[in-house]
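I opened a new notebook page for this structure.

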Amino acid sequence: ANTHDSPGQVITNNSTAESTVSRFPVFRLHDCRVLTHYVLPLVPAVLLSFLLAGCDKPQSPPPPPPEVTVMNVESKDSPVTFHVVGITESSQQVEVRARVDGFLDDRLYTEGSIIKKGDVMFRMDAKPFEAQLDAAKAALAEQEARLWTARADLKRVKPLAKANAVSLKELDDSQGRVNAAAAAVEMAQADVETAELNLGYTTIYAPVTGASSFARIQNGAYVDQKNSLLTYVAQLDPIWVDFSVSEDELLSLRSQRKQGQLQLPDSGMLDIELVMADGSVYPETGKIFFRDANYSTETGTFLLRATFANPDQELRPGQFVRVRVKGMIRPDAILVPQQAVLQGAQGFFVWIVDSEGKAQTRNVEVGDWQDDNWFVYKGLSDGDSLITDGIVRLAKGTPVKIVQPEAGESEGAVKRD
């Protein structure tokens, strides 16, 4: 093998066809002396130059404090609105049925129209009932003739009985025939009245004023007790709204009233407001007039019913509406925007600005929602500066900059990008 004495020279092997380069350079003792005397003393100077160069760069300024919007917490008497789902019901939905058997001749109303009480809706074939009435009248006339004959016989027998010309038995028989004939006349009169009623039942009138449904029986069909339902009429003014309150909610309301957290109006009557499917508010205000006696065993809810004026028939039975129950007052309540209340591992909390202008968290106990706000029962007091916007950029103990809400936004409103 050939070697070279120069420092750092790579050793090669000439025994092979091609020379290969060793992976690592081989240094001799002389090379170590060179590193010790010439290279190592320069290392601290190089490092120091780098450190001094770094000291010459200017430091970046600290980031500005995050901007937040705050509202001053203030307790005051606040109206309370409860939201439930309800369904409209007719105040009087009446089935229109045929009272006699026979053929249906004609339908005289327009299906689905608003009809008035007493309007003719159906007419049945009256000829059989007219014949029954004539027969009843004839039977009455026959019984009246028999009564007249019995009375005439009694009138002749009485003088003879006084003169002992006839026996008392004949007198009693004559009196009995008069009494029997009088009873037969009364029965015949009742048959006439029944026939008149049946004849009158062939004309079917609207029982109430309201919206009519479609006809269940078509013209020419035979009507009997099995298919006597012809249609129904639903009274629309006034109209009812049924809604339910769960047992938990009702017990909570009672507890809050006992503790003074809720107050009923002086009249004791709550106002009921309806919100339609399109978000519009029904112009009439209703009142609760019915409370069910029992809880529903199927749903565990308590049924309430309110009545509303419906002069324009805007509401129809079977509509789902949102019910707002108004009139209760929560005294000395603290109401904060919903976006200011957050939930973490320890429960609900809010961000506030302390006396040093720094952001701090505060655990709170929340209650019901009120539109876009939330009732806070514990954790806040009058005068606290509650942060309502800019929460996502906060850290505990960080100084903040308080700014005013943007134009067009109320205090505590959410700024939208």
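**Salt bridges**

I start with the term: a salt bridge is a side-chain nitrogen of Lys or Arg within 4 Å of a carboxyl oxygen of Asp or Glu. I note that this is a predicted model, in which local features need pLDDT of at least 70 and side-chain atom pairs count only at pLDDT 80 or more, while totals for chains, interfaces and linings use all residues. Residues are numbered from 1 along each chain as its sequence is written, and side-chain values use heavy atoms, with hydrogens and water left out.

I searched the whole structure and found 12 salt bridges.

I looked at Asp-242 and Arg-305. Their side chains meet in a salt bridge, 2.6 Å from N to O. The pair links distant parts of the chain: Asp-242 is in strand E9 and Arg-305 in strand E12, 63 residues apart. Here helices (H or I, at least four residues) and strands (E, at least two) are DSSP runs, numbered from the N terminus.

Are these two buried or exposed? Asp-242 is buried, at 10% relative accessible area. Arg-305 is buried too, at 19%.

Next I took Lys-358 and Glu-356. They form a salt bridge, with the closest N and O atoms 3.8 Å apart. Lys-358 counts as partly exposed at 29%. Glu-356 is exposed, with a relative accessible area of 60%.

Then I checked Asp-384 and Arg-362. Their salt bridge has its closest N and O atoms 3.3 Å apart. This pair also links distant parts of the chain, 22 residues apart. Asp-384 lies in the loop between strand E18 (373-378) and strand E19 (385-389), and Arg-362 lies in strand E16 (residues 359-363). Asp-384 counts as buried at 14%. Arg-362 counts as partly exposed at 28%.

Which residues are joined by salt bridges that share partners? I found Glu-273, Arg-324 and Lys-326 in one network.

I stayed with Glu-273. It is found in strand E10.

Leaving aside neighbours within four places in sequence, the list is Val-281, Arg-322, Val-323, Arg-324 and Lys-326.

**Cores**

I turned to nonpolar cores. Each is a set of buried Ala, Val, Leu, Ile, Met, Phe, Trp, Tyr and Cys residues joined through side-chain atoms within 4.5 Å.

The largest has 27 residues. Those with the most contacts inside it are Phe-82, Phe-243, Ile-272, Leu-274, Phe-308, Val-323 and Val-325. Elements that each supply at least two residues include strand E2 (76-97), helix H5 (247-258) and strand E13 (320-337). E13 gives the most, with 5 residues.

Leaving aside neighbours within four places in sequence, its contacts include Phe-82, Val-241, Phe-243, Ile-272, Glu-273 and Leu-274.

There is a second, separate core of 19 residues. Among them are Met-124, Ala-206, Ala-215 and Leu-230.

**Rings**

I counted 6 aromatic pairs in the structure. Rings of Phe, Tyr and Trp (its six-membered ring) pair if their centres lie within 6.5 Å; planes under 30 degrees apart count as stacked, over 60 as edge-to-face and the rest as tilted.

Phe-103 and Tyr-222 are edge-to-face, 5.0 Å centre to centre with 70° between the planes. Phe-103 lies in strand E3 (residues 102-107) and Tyr-222 in strand E8 (residues 222-223), so the pair ties together parts 119 residues apart in sequence. Phe-103 is partly exposed at 44%.

Tyr-295 and Phe-302 are tilted, 5.4 Å centre to centre with 55° between the planes. Tyr-295 counts as partly exposed at 31%, whereas Phe-302 counts as buried at 14%.

Methods. Buried < 20%, exposed > 50% of the residue type's maximum accessible area, 1.4 Å probe, protein only. Contact = heavy atoms within 4.5 Å.
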